[in-house]
Amino acid sequence: MSAAKASQAASSTTVCSLRSSMLTLSILTLISFTFFSLKYLQSITTTSTISPSSLSSLLTSKAVKDEEIDDEEVLTDVFHSPEVFRLNYAEMERKFKVYIYPDGDPNTYYQTPRKLTGKYASEGYFFQNLRESKFVTDDPDQAHLFFIPISSHKMRGKGISYDNMTVIVQKYVEGLMTKYPHWNRTLGADHFFVTCHDVGVRATEGLPFLIKNSIRVVCSPSYNVGFIPHKDVALPQVLQPFALPAGGNDIENRTNLGFWAGHRNSKIRVVLARIWENDTELDISNNRISRATGPLLYQKRFYTMKFCICPGGSQVNSARIADSIHYGCVPVILSDYYDLPFNDILDWKKFSVIVREKDVYQLKQILKNKAQEEFVTLHNNLLKIQKHFQWNSPPIKHDAFHMVMYELWLRHHVIKY
Ligand SMILES: *[C@@H]1O[C@H](CO)[C@@H](O)[C@H](O)[C@H]1NC(C)=O
Ligand SMILES: *[C@@H]1O[C@H](CO)[C@@H](O)[C@H](O)[C@H]1NC(C)=O
Ligand SMILES: *[C@@H]1O[C@H](CO)[C@@H](O)[C@H](O)[C@H]1NC(C)=O
Ligand SMILES: *[C@@H]1O[C@H](CO)[C@@H](O)[C@H](O)[C@H]1NC(C)=O
């Protein structure tokens, strides 16, 4: 036999054995499919004689599959692990259940939001969205987590002092502890509350276990204060409604380097303004742009900028970050120790520039060193994450509400009763 023929013969036997093993494989697959579907049918009939709920769960799991396919083009490398997110998010949508304690008069500071506008809109949206979502259960035995529905923003609206807030929160939670068995099982570890106003964090200080064990979803998550990064959740601060439409695909109009205008209510803002106020390339105003100068001038400026400087104010956070994202201006995070919202899910380096406060003196050079292509990439990535920093009513897939729910879902894996 010639070498060529030998190899031909060898390859034909390979094909042959390949064919037979594929046949075996398909037979095996067929058998196992039949077995499992029989088993599934059996389990349905034995447990509940085909209950409507098992039928509907069959239908939803089909719907979920279709949704997963839609996701393919949505999830990109702005995620740390797009595939993990996709699968875990789908599981959250199928399973996650939260119990809202029904106690407390909605006309005072419980249950319902104060409003959905202004600096603390995120808190209001969460309260409203949770009820609009399918994550709520009336059956505490089905719940993965327990929501304590007390709104510090509403308390603020009623002019209640900080000290009195602490007492109100303490009395309320102690009431829940006595009335229901859920708190005592884990001393609050499967409980959470949500506050965008930073006073809300202080208002929980009357109950040490609320601080130590419960998940605190807050807008001012600093490594520098009591916030516990692995347990608590950063709530994005979003001032809604936005005054103007979203920016994007408008790079030709972004001819200015960087921008900030605001109150000098923190050390870093004072320094920022002092160093750069007269610069000809960085547009830094040490005061808010007066409304009298022209309508929405402040917002319109975001459309003409490459970078928008976001220094921390009285807290690490600022609604300016969500503004920058909305208007398509790459945010420059100038706020040390800020546990950025969704930091563990999204890679902030792909759509923002993070500058240490001590480097504020080199700010202009840092931004000028970014090549145009680098800016374009950051800008384009920004458009991919805009939806995660927006609240809707009712909430929609992957929006700010669902991202916060996903953070809670991640934490429920750690806390199990
Ligand atoms: C705080 O609580 C005390 C005692 O209930 C009450 O007399 C006082 O008016 C409250 N103050 C404020 C600002 O809420
Ligand atoms: C939970 O524990 C507290 C403090 O020990 C107690 O006062 C309360 O009655 C307990 N709650 C229930 C429902 O047993
Ligand atoms: C650029 O700015 C001009 C003038 O404001 C506006 O008419 C145009 O739509 C902008 N271009 C894009 C792509 O947004
Ligand atoms: C900016 O200009 C003003 C007015 O000319 C001046 O008073 C101020 O010292 C300047 N600031 C810096 C940092 O040069």
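## Sheets and a helix face in a predicted model

Student: How many of the five residues of strand E9 (residues 330-334) are buried?
Tutor: This is a predicted model: local features need pLDDT of at least 70, side-chain atom pairs count only at pLDDT 80 or more, and totals for chains, interfaces and linings use all residues. Residues are numbered from 1 along each chain as its sequence is written, and chains are lettered from A and ligands numbered from 1 in the order in which they are written. A residue is buried if 20 or more other C-beta atoms, placed from the backbone, lie within 10 Å of its own, exposed if 12 or fewer, and partly exposed in between. Strand E9 is mostly covered, and its buried residues number five.

Student: Which residues of E9 are buried on each face?
Tutor: In a regular strand the side chains alternate between the two faces of the sheet. In E9, one side holds Val-330, Val-332 and Leu-334, and the other holds Pro-331 and Ile-333.

Student: Which residue of E9 is the bridge partner of Ile-309?
Tutor: Two strands pair if DSSP finds at least two bridges between them. Strand E8 (residues 305-311) and E9 pair in the parallel sense over five bridges. The partner of Ile-309 is Val-332.

Student: What is the handedness of the crossover from E8 to E9?
Tutor: The chain passes through helix H12 (residues 320-327) on its way from E8 to E9. Right-handed means that, with the strands pointing away from the viewer, the path from the first strand over the helix to the second runs clockwise. This β-α-β crossover is right-handed.

Student: Why do the buried residues of helix H10 line one face?
Tutor: Helices (H or I, at least four residues) and strands (E, at least two) are DSSP runs, numbered from the N terminus. The buried residues of H10 (residues 267-276) are Arg-269, Leu-272 and Trp-276. Seen down the axis, they line one face because they fall within an arc (of the directions from the helix axis to the C-beta atoms) of 65°.

Student: Which exposed residues does H10 carry on the face turned away from its buried side?
Tutor: The buried side is covered by elements including strand E6 (256-261) and strand E7 (282-285). The face turned away carries Lys-267 and Arg-274.

Conventions
Contact = placed C-beta atoms within 7 Å.
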